[in-house]
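Reader: I have some questions about side-chain pairing in this model. Could we go through them together?
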Amino acid sequence: MPNSLEGQSIRLEVISGKYLQVPSERAPAGIYVSINVDSRRRWKSAVKVLSSDKSVGWGDTATLSLDASSKLSLDIRASFELDRMLGNGEVIGELEVTWDELLDHGDEPFNLTFPPVRGDCPSLTLKAAVVHSCDNQGSAPLDSVVDCKIGRDTDAGHARFAEYVSNESDSHLNDAVEHFQSVLDQCPVDHPDRAAALTNLAWVRLKGYIEGDFEDIDSVTSLFREALALRPQGHPDHLLSLYCLAEALTSCYREEDTAVYIHQSAELYCKLLPLCLEGTYLRSIAAGANGVDYVIDECNNLPTDASDEGIHLRRIVLQLCPPGHQNHPDALNELSSALQSRFRQCGSVDDIDESIRVGREAVSLCPEEHTSRAAYLNNLGYSLRLRFDHQRRSHDLDEAICVYEEALRMCPGAPSASVSSDVVMLMTLTKLSASVARALMLIPPGHPDHHTALHNLAITLKIRYDNLDVSEDLDEAINLYRESLRLTRLDHPERHRNLYNLSSVLRSRFTKTQKNEDIEEAIRLCQESLEALPSLHPDRYFSYMRLQEAYSSRYRVQRKSTDLSLAVENFKLASRHPTQGFPNRITTAQKWVTAAEQHSHTSALEAYNTCFDLLDSHLATRSSTISRRKAAAAFSGTKLLPVNAASCAIRSDNLRLAVELAERGRGQQWSLASRLRSPLEDLELTNSNLARKFSELSKCLSDTQGLAVGTDRAAVDRAETRYRKLTEQWGATVTEIRDIEGFSRFLVPPLYEDLQAAARQGPVIILIASQYSCSAIIVPTTGEPHHVSLPSVTLTDLNNLKDRFARAIRHASIMGPKVPRNDLIVLLRTVWNEIMLPIVHVLQHVLKLKFLSRIWLCPTAAFTSIPLHAAHPFLTKADGSKEPCLEDLFICSYTPTLSALVRSRRMMKSRVAPSFATIGQGQPGAGKGKALLAVDNEVELVRKLVPATANRTTISGDAATRAGALQALEENTWVHLACHGKQDPTQPYDSHFVMRDGPLTLLDIMEKDIPHAEFAFLSACHTAVGDKETPDEVIHLAAGLQFSGFKSVVGTLWEVDDSVAKHVVEAFYKNMFKDLEDGGEMDCTKAAWALNRATHAVKTKVPLEQRMVFVHIGV
């Protein structure tokens, strides 16, 4: 150094760097430059993120005294932490330079080149100038070199690992692991460097696992997961931790080919990529061929998975392939296929609708010349066909035909069997002849798929025969099936379908000609198809069904009881076949019910129970309340299933079973929703490990269904064994749960003894409205149930009666208050004479019920739409007195189900200090209903009548919002609601109370669990009216409040006139609270009595239909 420079400083600007590769090939958090002035001091640049072109821009300046030694050491280092750095990172390049070398370039920037790393020489662009000591402002100060064991071990680990990557020496890897393990041992759980220590150790062990030096991968991923947990979103190193874990899981998948690893990796990339800035190195490797592109390809190579997790994965892959991405059409098609498969298993219309939607999008994005277009078209066509089969909408069939025709045109040389199959099958009736001829020309004799073309043509002819009854089509179909069967190898995986389809057409011909040889061959062919299939093959279901049809057809002709028994046996086998989706099995069980009822077979009750089991299992697969209701409504025959089952039990003289079946079939939505809260929630509190084990086994069992299929017998055997073992484990776990005190009835429908608890305070009358018989079952407080026959009432009568009530009430609403309601009087007299009088006779003369005792009505089906509580003879005795009506004799309440009443009574054991909220909304806003002018007066009236001992709250006007009302429901034990109530008969969970800013829906209420709630008065319209699609589900606002925790509810059956409702409200609360002056307590169990007294008190003020409108539900 020249003497003239002594006492001065050098300003060194670190401008940028390029060709910056990390020797160990790890992805760095950032790169920095270090200048070691002497053994005790150094200068460090900022840690900057590496760009995708492996360059970094710094622009940092160091001012260094020229009084130091003549040389200084320059390092480029990779930091694996943007936050607090552990150690000094990994060395990318080291160089010793003299002051003169730095100053030789004048004021111009210059490059300093370092030794090569993986073929490229890292370089820095610098600028150096001599400055006086007073000009060193703006320069970062020098750091003291801190020497500590944790830093030395970390640096040594980085160095040894870089050497291992370079020369693959196991000793270097073991040294690196030892150093990093030592660092982790020095970083306890609360240490600020623990995440960095975890990541360093995990990374070297991962590389050792990939190279085959280590075997334990689970501990590696656990280290990465712990590090990620310590670096949540927002942490500077969150992105790098996401990438490290994703890379680890991807590496696991490469080595072990286990799908769960690639699933989890895809989820992590889905979180990572939106957070990664474009142009960064991390983004380039995460989005590159070895990152997300590899994950996408591997996910698309996985077999179609129709489980919720499989669908979730397809949605994640679609997120990873946004519009414009080369794999976006493929991702859409894969999602369409998965949704299609789930529809076939679960029958959700939402799934097939979405499958068609995304399938169309995939086709629209695929050019006509693209090699995948035919596959996309084929997939879309199949989805359209499935929806046509489900909903029979002709435009779906038309579109499917067009789609398949285009797919076939794209494969003129050798069309795939799957394409030609569906083309031929769907061209039925409309374009059959030309399309079939074209398909057969494309697949002539000698073609390997000729037998498939013949088979498909036979299917098409059978379809046309079923629609047009052309005998020639049937005969030709039989001949084509025979020829196809002759050409099909004995070991062909689809041969069983030819067998049972030929059986089906032979059975059809037998029903027409009654030739015994046809039905004998049909039975033999089905038996042969079963022999060809492993026990868990999904298509055994179709063989059972074809065999059932054959035996049933022969029974109808020959009337041999053995054939009926064999048909029933195959109904059982088909409906219980575990690898077939629930929808088909439910439909089969319904057919079994119909056949058993039609032929008075002893298996009828077993068939009903099978229906309930399957429907319950099917609905339990749905994650939301609305989706469960949609799934239930999809099966048209299930609407009357509970009452028909109860009727069957009654006809079998088994009243206890009738009560159990009526309860089991009714209120499935509520039962399933309750199951989500109990007993699984209770089990979590009692034994969380067992609860988790049960949930995991249930999912594994569901995922395994349908896997035991294939031509490799060994593979099929392994799949069958796995399925059987899982079933045994699941059953053992349920047994283990039932051994816990309080869980003996886990997942078991309630028995009569359990349900009779509903009648503890008075008998419960279940009214059965079945197509086979209409009757009532009275469940007494103790002893056996009583049957009350209603011989003069049919289901048709009840449906007519409910329609007449609806018309009469509409007519009464426009009549003057003093005009007699003659239509209603006639109808109520009919209800009294035909329905309630026989029941009253048993209550009075058999059960010896006292005057004004409590009774509970539990109507089913058509009975739910009839105001049973208002039954009245409207007769005058000889002495001039009036004949008593039902409400003169008894205090009437309703209950949606016996279980609901039992649950409310059980929850009454724990009570809190009463609090009363009055919610009024008479001005709901434009478009939300007419103004209710009497609401404010009603709110004020209720406020005055509520005892001062209760904590009183009033919410009205602008404060009566959705959130405000919901909060009031949660925070108070007693609630009065005065507002518009809207029942949605087609989407009952959308039924709502109209608040100022929007609707407070039934679903909002059901999602709340309010165990301390006691009483609610719903002074609103249609709050106790159920669902047209599933009437036995009693899905209405009052039932929703009872489900959420309110034990006692007053609701309404139709529109309330707010100008007269106030009279009922006033009389009700006066009776409800009249004893409190003497020190009594607010008691929600008095509500039924108070309503009874109120409706009697206002007879002269309130028209008949406005008194009848109010009903009590609950305790």
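Reader: Happy to start with Arg495: is this residue buried or exposed?

Author: This is a predicted model, where local features need pLDDT of at least 70, side-chain atom pairs count only at pLDDT 80 or more, and totals for chains, interfaces and linings use all residues. Residues are numbered from 1 along each chain as its sequence is written, and side-chain values use heavy atoms, with hydrogens and water left out. Buried means under 20% relative accessible area, exposed over 50%, and partly exposed in between (1.4 Å probe, protein chains only). Because Arg495 has 13% relative accessibility, Arg495 counts as buried.

Reader: Thanks! Which side chain meets Arg495 in a salt bridge?

Author: A salt bridge needs a side-chain nitrogen of Lys or Arg within 4 Å of a carboxyl oxygen of Asp or Glu. For Arg495 the N to O distance is 3.2 Å, and the partner is Glu528.

Reader: How many residues apart are Glu528 and Arg495?

Author: Helices are DSSP runs (H or I, at least four residues), numbered from the N terminus. Glu528 sits in helix α20 (residues 516–531) and Arg495 in helix α19 (residues 495–513), so the pair links distant parts of the chain. Their separation is 33 residues.

Reader: And which residue forms a salt bridge with Glu520?

Author: Glu520 lies in helix α20 and its partner in helix α21 (residues 540–558), so the pair ties together parts 34 residues apart in sequence. The N to O distance is 2.9 Å, and the partner is Arg554.

How values were computed
Helices (H or I, at least four residues) and strands (E, at least two) are DSSP runs, numbered from the N terminus.
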